[in-house]
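Let's take a walk through this fold together, one neighbourhood at a time. Keep the viewer open and follow along.

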Amino acid sequence: MSSLQKMFPSLTLFSDLNWDQVTEEYQRDYADISFPEYLQQKASEGDCPPYLFEIAFYELARKEVYQLAEEAPKTSGTFLNPTALFLNLEFDVARMLKGAELGQIEIVQRPNILCIYQNAKEETQEQELDHDALSILEHLEDGPQPDKKFVKPEFEKTFQDLIKMGLVIYNP
């Protein structure tokens, strides 16, 4: 089993990749980019389905978040969880992989934004984000806010939900 196949095990559920050939080509011609980027390039050339690179980015993001050792901010303010990684997906990769675990291989094309992060217990979590959550998080993408005044009254419940999930850290 190749090291790439071990790193991206779900890809074999959705394709019949010849791992020896893929590994050889990647290492020979594309080693300067990540494997998911390699698959993205292959998809743009029509050499593999586009959902494969999204699955690879998803698996890589989960591994990266799992390995992060970030501490939550202790100062006052409103912060984005420092472990948060965002994926803008055209396929419902999380649903596809859950189905595959049950033996149901299905390609689900549905645009979504998924955030993968560690909660306060250092458990890897994922959350699909809706428009309301994104409207709050966009205020935190360039850095923390000194308070929560940026949260409009109609988004207060969403703000509280993001805090409960551990995606937003609020230190009054």
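Predicted model: local features only at pLDDT ≥ 70, side-chain atom pairs only at ≥ 80, totals over all residues.

Residues are numbered from 1 along each chain as its sequence is written, and side-chain values use heavy atoms, with hydrogens and water left out.

Strand 2 (85–91) is one of the edge strands, and strand 2 and strand 3 (residues 109–118) pair in the antiparallel sense over 6 bridges. Pairing here takes at least two DSSP bridges between two strands. Strand 3 also pairs with strand 4, again antiparallel and over 6 bridges; in strand 4, Thr124 is the bridge partner of Gln118. Put together, that gives an open sheet of 3 strands in the order 2-3-4, with antiparallel pairing. Strand 2 and strand 4 (124–129) are its edges, each pairing on one side only. In general, strands of a sheet pair through backbone hydrogen bonds, either parallel or antiparallel. On average, neighbouring strands of this sheet are turned by 30° against each other, direction ignored. The hairpin of strand 3 and strand 4 has 5 residues between the strands, and there Glu122 takes a positive phi near 60°.

Now zoom out for a moment. The protein chain has 8 helices and 5 strands, where helices are DSSP runs of H or I with at least four residues, strands are runs of E with at least two, and both are numbered from the N terminus. From the N terminus on, the elements run α-α-α-α-α-β-β-α-β-β-α-α-β. The C-alpha atoms fill a box of roughly 55 × 30 × 30 Å along the principal axes. Buried residues make up 42% of the 172 residues; buried means under 20% relative accessible area, exposed over 50%, and partly exposed in between, with a 1.4 Å probe and protein chains only.

What lies across the sheet strands? Helix 5 does: it lies across strand 2, strand 3 and strand 4, running at about 160° to strand 2. Angles like this run from 0 to 180 degrees between N-to-C directions, and axes are lines fitted to C-alpha atoms, for helices over the stretch in contact. Helix 5 (residues 50–67) also packs with helix 6 (residues 93–101) at an angle of about 90°, their axes 10 Å apart. That makes helix 5 roughly perpendicular to helix 6; the cut-offs are under 35 degrees for roughly parallel, over 145 for roughly antiparallel, 65 to 115 for roughly perpendicular, and oblique for the rest. At this crossing, Tyr51, Glu54, Ile55 and Tyr58 in helix 5 meet Val93, Ala94, Met96 and Leu97 in helix 6, where contact means heavy atoms within 4.5 Å.

Helix 5 has another partner. The axes of helix 4 and helix 5 come within 8 Å and cross at roughly 170°, and the two helices are therefore roughly antiparallel to each other. Pro36, Glu37, Leu39, Gln40 and Ala43 in helix 4 meet Pro50, Leu52, Phe53, Ala56, Phe57 and Leu60 in helix 5.

Finally, head for helix 8 (residues 156–165), where Thr158, Phe159 and Leu162 are buried. Seen down the axis of helix 8, its buried residues fall within an arc of 105°, so they line one face of the helix; the arc is that of the directions from the helix axis to the C-beta atoms. On the other side of helix 8, Lys157 and Lys164 are exposed. The buried residues pack against strand 1 (77–80), helix 7 (131–137) and strand 5 (168–171). Within helix 7 sits Ile136, which is buried, with a relative accessible area of 2%. Leaving aside neighbours within four places in sequence, Ile136 is in contact with Phe150, Phe155, Thr158, Phe159 and Leu162. After helix 8 comes Gly166, whose phi is positive, near 90°.
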